[in-house]
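My entries follow in the order in which I looked.

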Protein chains: 2
Amino acid sequence: MRILITGSAGFVGSHLVERFLNEGHTVIGVDNYISGQVSNTDLFRDHPRFTFIEADVSHGIPYTGEKLDWVMHFASPASPPHYQQFPVETLMVGAQGTQNGLELAHAHGAGFFLASTSEVYGDPHVHPQPETYWGNVNPIGVRSCYDEAKRYAEAITMAYHRSRGVNTRIIRIFNTYGPRMRPDDGRVITNFVHQALRGEPLTVYGDGSQTRSFQYIDDLVEGISRLMMVKYHEPVNLGNPDEFTMIELASKTMNLVESKIDLVNLDLPADDPKQRRPDIGLAWKIIKWRPLKGIDSGLNRVFDEQKIKS
Amino acid sequence: MRILITGSAGFVGSHLVERFLNEGHTVIGVDNYISGQVSNTDLFRDHPRFTFIEADVSHGIPYTGEKLDWVMHFASPASPPHYQQFPVETLMVGAQGTQNGLELAHAHGAGFFLASTSEVYGDPHVHPQPETYWGNVNPIGVRSCYDEAKRYAEAITMAYHRSRGVNTRIIRIFNTYGPRMRPDDGRVITNFVHQALRGEPLTVYGDGSQTRSFQYIDDLVEGISRLMMVKYHEPVNLGNPDEFTMIELASKTMNLVESKIDLVNLDLPADDPKQRRPDIGLAWKIIKWRPLKGIDSGLNRVFDEQKIKS
Ligand SMILES: NC(=O)c1ccc[n+]([C@@H]2O[C@H](COP(=O)([O-])OP(=O)(O)OC[C@H]3O[C@@H](n4cnc5c(N)ncnc54)[C@H](O)[C@@H]3O)[C@@H](O)[C@H]2O)c1
Ligand SMILES: NC(=O)c1ccc[n+]([C@@H]2O[C@H](COP(=O)([O-])OP(=O)(O)OC[C@H]3O[C@@H](n4cnc5c(N)ncnc54)[C@H](O)[C@@H]3O)[C@@H](O)[C@H]2O)c1
């Protein structure tokens, strides 16, 4: 197949490129590096079946090549420090960026695959969150540039599916981690691993009792690949339902290093969700998917990758 | 002042044009007639302080005149039959349309005024709805092309306010009625009045026990005008909190005609909100506004206008 991936220089995008190239597909990556890394493009630059286009997909996707089978829209600043630095760009890549991807897919008769997020559930009143839960999002808060952009992206994807017949997929990704995360992405696992490697105290927001679930990147990529095979057009959660408090995660991280490390507590950021955990019954039902990698071995892999780099 | 109004050929837009012209301002109307009426432009065509630009504001606002004081963004298909016929256009005027208005306001150092809607509250779990309520909206339902577009419009308006310093206003308009509504807009008051005038049975969806509140257009226009004077940037509800069931409204309509009329019951449309009523405490606090016109005299005015037309 010929697959175009927006956000190919990002964390998730680069793992998708790798997977599809390994499976023998032709891949076109598109990125403007607003939150991505050139090193993620360099990984594949010499691959005969990889092409890269540097472009801001909110202003159009300048692809003029042969017929595409899939347009996978993974471009978007994804971590709070990134999207709060670029609120308008984040809103645009959710609206214009998604629409440009849908138009390209429509023109090629290709499938369109949207990376949405568990943030569409906001600060949920239902726990765990099934896909039928409508969410609790602050439309005007400082996170709304991301959350509302993704809700809009889902709405326009459904509109192109319903009114223009585009063969669409929507996934709601829950916190994902693994090699190639940016050290400055502000996500908790990245923070902890880098702080631990530097022997610095681990930063815990609030009292650390808020819980998160973490899925390893390989599990996510497997779920994406399976969902491409079935014609299911409504959103599907992909995440790991195993929950940990931030305190538990901190102590698991501490176990990876020999020396003793402290914790520091900082204030909770505005609108920070208290807890979030996927209901993955739907993914199990339609694609027989569930995450296979546990947190301890996943943390270990990230830790090892970072030790080699540093 | 020099005021540009998108959606000037619509129901609310045309009343704004009238008000501002009457107050001595210069008005530029912009509309593409997707749900508006040429007759609403014709009302002002010969006015020396009125200019009209026919354009789709989702593709840009081609204004090249003198410095604007306000950009008022009221363009959007607004009733379910209109926006469900044009889901992609509705999504675009909420995203690209709003952003084009914000950019124009930014370039002119003008204020930007967004017409949002009570639909951002969706099918509310809180009753009545204060502005602090985050809503209960289905992001992928058939109404999401409107609801999510408006939530996005609010989010990008706040982003331009916060990150680019634009002097913004956001109102959440609750059901409004009055002269110049389109006979085919599918809203309940229009339906009832036209059905009553034709001596047809009044159409009630579901069992008619769902409630709605209705504000007369003059009250809305007064609220808008007052809000322009105060620097308040978060959303403000403008609506009439007096609630009626559809059955009550039907009987009020029947009272306006001499002959006996029947009711017919049809199925509730998908995602139809069960009830919605504004908490208008904030508008009272910041602009000393509350609606002054009751339903009986308002219904009468609409009825009289329609009788003259037909
Ligand atoms: N990683 C997670 O835990 C997670 C969770 C939920 C959703 N997601 C979603 O998955 C996708 C990928 O996330 P990620 O973690 O890899 O983030 P990332 O920041 O590592 O990757 C996103 C990539 O998109 C690129 N990009 C952003 N705007 C662009 C534009 N206008 N034009 C071209 N390229 C643009 C960035 O430069 C970056 O390379 C995003 O859509 C994100 O919202 C990720
Ligand atoms: N009337 C209500 O009860 C109500 C309630 C809540 C919110 N609102 C909001 O108030 C605004 C006005 O609503 P209305 O009742 O007057 O609806 P309307 O349909 O009568 O007017 C909207 C106008 O916008 C124009 N328009 C739509 N898309 C456009 C585009 N891309 N470019 C240029 N013009 C475009 C239409 O042609 C129409 O003239 C809308 O934003 C609506 O969402 C209205």
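I began with charged pairs and found four salt bridges across the interface of chain A and chain B, a salt bridge being a side-chain nitrogen of Lys or Arg within 4 Å of a carboxyl oxygen of Asp or Glu. In one salt bridge the side chains of A:Arg164 and B:Glu89 meet at 3.9 Å, N to O. I then noted that helix H4 (87–108) and helix H5 (144–164) of chain A each supply at least two residues of the side that touches chain B, and that H5(A) gives the most to this side, with 14 residues; helices here are DSSP runs of H or I with at least four residues, strands runs of E with at least two, numbered from the N terminus.

This is a predicted model, in which local features need pLDDT of at least 70 and side-chain atom pairs count only at pLDDT 80 or more, while totals for chains, interfaces and linings use all residues. Residues are numbered from 1 along each chain as its sequence is written, chains are lettered from A and ligands numbered from 1 in the order in which they are written, and side-chain values use heavy atoms, with hydrogens and water left out.

For the extent of the interface, I recorded 36 residues of chain A in contact (heavy atoms within 4.5 Å) with 36 residues of chain B. The two chains bury about 3100 Å² between them, 62% of it on carbon and sulfur atoms; buried area is the accessible area (1.4 Å probe) lost on putting two parts together, summed over both.

Last, I looked up A:Leu266, which is found in strand S13 (residues 263–266) of chain A.
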